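Subject: Structure for your review

Dear colleague,

I am handing over the structure below, and I would be glad if you would look through it before reading my notes.

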Amino acid sequence: MNDARGSRRTPAERSGGSGNSATAKEAGDRGIAELGRKLGENGVRHCLASYVDLHGIPKAKSVPISHFARMMRGSELFTGAALDGLGQSPNDDELAIHPDPAAVTVLPWRREVAWAPGGLRFHDKPWPMCSRNVLQRQIDRLAGHGLALNLGVECEIFLVRREGDTIRPANSFDVLPKAAYDVIGLLENMPWLDEVVGYMDGMDWEVHSFDHEDANSQFEFDFAYADVMTMADRFVLWRMMMKEVSRRYGWEATFMPKPYADRTGSGAHFNMSMSDVRSGRNVFGDASDKRGCGLSKLAYQFLAGVLRHAPAIVAVTCPIVNSYKRLIKSGSMTGFTWAPIFISYGGNNRTHMMRVPMLRPQIEGAPEEHKGVYLSGARVECRAVDPSLNPYLGAAMVLGAGLEGIEQDLDPGDPINLNMYELSDAELAARGVRSLPRTLLEAVDAFAADPLGKTVLGEELHRAFIDVKQREWWSYHNTVSKWEYDNYLTKF
């Protein structure tokens with residue numbers, strides 16, 4: 001049960017290992033029965049048999065705890081034709097959810113309910129268009145190299161109040177033009193912050209810090225990394241928790257990346273490293289790195305694969321119209337937006353899409369002080385990610401691209417240790433630096449043209465993603481905005 005602690009498991013453990021034997025099945029059934037019993041003893045009355053749709057939104061059926069074992073065997077069926085991206089018609093048989101026993105989590109803010117995420121199956125075979133199954137395929141592919149991906153997500157959020165067609169910061173006193181790290185803004189929201197951080201730590205997420213971000217009523221939470229599937233689950237659960245708890249305070253928690261035109265947007269930066277499956281050793285670090293980033297050849301290969309496919313990746317990691325109002329050079333009262341706009345990498349440099357954070361071993365102490373987790377272990381950070389993403393699909397795309405870099409021995413070239421925002425177009429061109437897509441339509445076009453999307457998502461989900469996102473773009477484009485009235489109504 002993931003009530004108090006997360007788990008890091010190998011792909012074989014996730015898929016049940018060699019559990020085809022009757023003995024393994026019996027042991028699994030006993031484990032599920034014991035899990036159900038413990039949940040009941042801890043006051044759980046309902047379980048949410050859940051999958052996550054194309055948009056990253058959790059969907060579920062609520063099952064009484066008395067039927068927990070049936071639920072875990074796949075009793076709960078979903079009509080795939082009712083939702084985007086599942087590729088079914090009304091005449092098709094339903095899809096069954098098979099929850100992951102290691103991911104079952106008691107909701108700390110609603111302790112009578114447990115969340116049970118899992119993968120969809122059709123006639124007892126994994127459904128290829130289920131986003132959790134998409135990520136699992138890439139995890140399995142990586143395991144073939146004897147490696148596992150670790151992921152940390154920097155979670156940013158705005159708290160807002162909606163007043164008609166206008167939104168305002170939840171805290172009406174939070175009006176500083178440069179609000180980053182503001183102590184008063186932090187303390188004034190401490191009751192809410194203390195509550196949600198308590199819930200996160202109650203699930204053993206090990207919150208390292210939280211702060212007031214650059215914009216008004218914007219906050220960031222940093223917590224311990226985990227294996228990529230566990231972190232994707234946690235990110236979905238984090239959004240779900242923030243949404244419900246914030247409404248108790250009369251606010252909306254928004255994961256819209258750019259709710260204010262003149263304020264910094266929200267990111268959900270991916271911090272990634274790989275470990276050897278057998279030893280658990282981080283294989284991304286190399287103190288002898290002549291490029292000065294402290295990275296291994298494997299890490300550079302991974303980095304090169306991500307950079308190669310960056311335009312297609314951001315269609316999934318920055319998946320909504322509003323995402324591209326964050327990915328601009330200016331548009332913040334503090335000057336630069338801090339968002340990436342170039343397909344480039346450097347050391348501890350926040351003007352790149354891919355950053356290599358600074359190592360600080362003197363801060364960490366002995367590994368046992370942090371359960372073997374180093375907060376500043378050798379890793380790469382993808383900054384072209386925002387909190388509106390489906391974390392399973394986003395992580396799968398990044399991992400698939402990185403794996404291509406490893407398998408094809410790609411090299412990203414040398415890091416650029418300059419302020420990318422200050423380089424001219426000619427200087428960028430001379431360095432061979434491309435720009436990220438400027439709109440959702442550009443990103444979706446890049447996704448459609450890049451074979452990576454079809455390789456990672458599968459042909460059916462690839463097509464469904466393109467269709468859904470093209471409709472989203474044209475629905476937006478075919479509206480007339482206040483800006484157009486203000487600029488054009490009486491101009492001519």
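This is a predicted model: local features need pLDDT of at least 70, side-chain atom pairs count only at pLDDT 80 or more; totals for chains, interfaces and linings use all residues.

In soluble globular proteins, nonpolar side chains tend to be buried together.

Helix H6, residues 190-202, packs against H7 at an angle of about 145 degrees, the two axes being 11 Å apart, and the crossing is right-handed. On the H6 side the contact is made by Trp192, Glu195, Val196, Tyr199 and Met200, and on the H7 side by Trp238, Met241, Met242, Val245, Ser246 and Arg248. By class, the residues of this contact divide into eight nonpolar, one polar and two charged.

Two further helices can be taken together. Helix H15, residues 459-477, has 19 residues and should therefore span 27 Å at 1.5 Å a residue, which agrees with the 27 Å between its end C-alpha atoms. The buried residues in H15 are Leu461, His462, Ala464, Phe465, Ile466, Val468, Lys469 and Trp473, and what covers them includes H4, H9 (310-317), H11 (391-407), H13 (440-449) and H14 (451-457). Helix H4 itself, residues 131-143, reaches 19 Å from its first C-alpha to its last, close to the 18 Å expected for its 13 residues. The buried residues of H4 include Arg132, Asn133, Val134, Leu135, Ile139 and Leu142.

Finally, there are two backbone details to check. Most residues other than glycine have a negative phi. Aspartate 124, however, has a positive phi of about 70 degrees; this residue lies in the loop between strand S6 (113-122) and strand S7 (125-126), and because its relative accessibility is 55%, aspartate 124 counts as exposed. Glutamate 206 also has a positive phi, near 55 degrees, and lies in the loop between H6 and strand S11 (207-212), where, at 21% relative accessibility, glutamate 206 counts as partly exposed.

Definitions and conventions. Residues are numbered from 1 along each chain as its sequence is written. Side-chain values use heavy atoms; hydrogens and water are left out. Helices (H or I, at least four residues) and strands (E, at least two) are DSSP runs, numbered from the N terminus. The expected span of a helix is 1.5 Å times one less than its number of residues. Buried means under 20% relative accessible area, exposed over 50%, partly exposed in between (1.4 Å probe, protein chains only). Contact means heavy atoms within 4.5 Å. Axes are lines fitted to C-alpha atoms, for helices over the stretch in contact, and angles run from 0 to 180 degrees between N-to-C directions. A crossing is left-handed if the near helix is turned anticlockwise from the far one by less than a right angle, and right-handed if clockwise. Ala, Val, Leu, Ile, Met, Phe, Trp, Tyr, Cys and Pro count as nonpolar, Asp, Glu, Lys and Arg as charged, and the others, Gly among them, as polar.
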